[in-house]
Amino acid sequence: PPIHLNDPALYKTRSYINGQWMAATDGGTFAVDNPANGKIIAQVSNLDQAQAQAAIDAANKAFKAWRARTGKDRAAILRRWFDLIIANTEDLAQLMTLEQGKPIGESRGEVAYGASFVEWFAEQAKRVSGDIMASPNSANRMLVMREPIGVCAAITPWNFPNAMITRKVAPALAAGCTIVLKPAEQTPLSALALAELAERAGIPAGVLNIVTADSERSIAIGKVLCASPVVKKVTFTGSTAVGRILMQQSAPTIKKLSLELGGHAPFIVFEDADLDAAVEGAMVSKYRNAGQTCVCTNRFYVHETVYDAFVEKLAAKVGKLQVGDGFADHITQGPLIDEAAVAKVQEHVQDAVAKGAKVDVGGQAHALGGRYYQPTVLSNITEDMLCMREETFGPLAPVVKFSDENHVVELANNTEYGLASYFYSRDIGRIFRVAEALEYGMVGVNTGLISNEVAPFGGVKQSGLGREGSVYGMDDFMELKYVCLGGM
Ligand code: ADP
């Protein structure tokens, strides 16, 4: 491995199919780099469509035995996986910062967050139950059973290289499904290390398969996963554009879909807010992972009476963020994932400035060069700016002034997205009114951090389908079966 690991065996560069570490049939690999400096850190197997099909076949073969095991049995195995993830936190965090760039403290936090889904669904695996309904006909008895949906396919993004995997794989396995996972081409090392630990935990061959590929072959493999009649469900986290493609490709087989897509989170600060708390919330919701999360605030709306004070306090804090290589302990913002990400932030900033925005802090590529961008706050924002319509996915906070509650809710809802939203207020009537009026799957009130394993994570409108985590998270991986007993 290109970094020190306590357990070098966690550095894996081959795909994992049917319990075997697989090279590409044609021997091909793709390069993974460190976003902090662009250096190549791994050459990873670049699998083709036939190998993706082999992974589906392996998952299909393993399904019968895996579903037949008791929930208690699957729970014990998942629990061992959780314990191993926790025991190897430092190595998993090191690999994550190496391939993704986030500050090492955030990587450690993500490993704990990712592991929490494995622990949670290990517990939930034991708690699957059906129903007995009161029949409208006295000769019948009516049962509802819950069964695993079958072989699943998962496609995951680079922004949470660990947690986006566990949030899908753990509920699938807990439910008795088997799975083929295609991780993001930017961050396959975290996925493969998780597979190594899954194998050590006793997850049987074929139950969890990891197919790695570059961006081009990922598209081809996506087609195989969607077209296969054996795959009963596709679960995806990523952009809305790719979500639409997967939905289209899944139509011929009427596949069940879970989609966690883009967001455009509004963050509203009312005049009665605790302003310092709002600034704290703004920092975590905007600048965590350098603004590269789908629940990151994209636009701030601040009441006119507290606008200047909020902008000043936020800019002061943002100016203190330490930008640099995520491996250095004091760093609070790492590089962006690639050049395209930097270009998008730059485009949003330049468009806003051209249309009259004021730069309160940042506003340029960082002096470090490469993929670093200055954490930025812009004021005098108007609704016609790009950053008010498109997901920025970077460290830019545009702050809009508003005066009326109804109007700001209307502006907040004026988007095709409906994932996360945030607002700060201390008026209990307003808190209920606004929480109910926001057309979002998730609302943070007086907090900028809402994700955990107990919460149902997901969006409405074009932000997606289904919910992950929580007591509802296994539903997406199960079917209801109605059994009617007649002649009683
Ligand atoms: P991001 O903008 O975060 O990279 P994407 O939606 O492009 O989001 O990528 C998320 C995941 O989807 C990655 O694993 C990527 O390889 C995969 N992906 C991208 N395009 C396709 C496609 N056409 N079919 C299947 N998977 C795809």
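**Close-up views of a predicted model**

The structure is a predicted model, in which local features need pLDDT of at least 70 and side-chain atom pairs count only at pLDDT 80 or more, whereas totals for chains, interfaces and linings use all residues. Residues are numbered from 1 along each chain as its sequence is written.

View A. Helices (H or I, at least four residues) and strands (E, at least two) are DSSP runs, numbered from the N terminus.

View B. Phe477 lies in the loop between strand 19 (464–465) and strand 20 (478–485). Phe477 is buried, because 28 other C-beta atoms lie within 10 Å (buried denotes 20 or more other C-beta atoms within 10 Å of the residue's own, with C-beta atoms placed from the backbone). Neighbours within four places in sequence aside, the contacts of Phe477 include Pro148, Ile149, Cys152 and Lys233; a contact requires C-beta atoms, placed from the backbone, within 7 Å. The C-alpha atom of Phe477 is separated by 15 Å from that of Phe457, 20 residues apart along the chain.

**View C. Helix 9 and its packing.** Helix 9 (residues 275–287) has 13 residues and reaches 18 Å from its first C-alpha to its last, close to the 18 Å expected at 1.5 Å a residue (1.5 Å times one less than the number of residues). Its buried residues include Ala278, Ala282 and Tyr287. The buried residues of helix 9 pack against strands 12 (265–269), 13 (297–303), 16 (396–402) and 17 (420–424), and against helix 10 (307–318). Asn289, with a positive phi near 55°, follows helix 9.

**View D. Nonpolar cores.** The largest nonpolar core has 84 residues, and Leu78, Val118, Phe121, Leu173 and Ile179 have the most contacts inside it. Apart from this core lies another, of 61 residues, among them Val302, Leu378, Phe423 and Val434. A nonpolar core is a set of buried Ala, Val, Leu, Ile, Met, Phe, Trp, Tyr and Cys residues joined through C-beta atoms within 7 Å.

Methods:
Buried ≥ 20, exposed ≤ 12 C-beta atoms within 10 Å, placed from the backbone. Contact = placed C-beta atoms within 7 Å.
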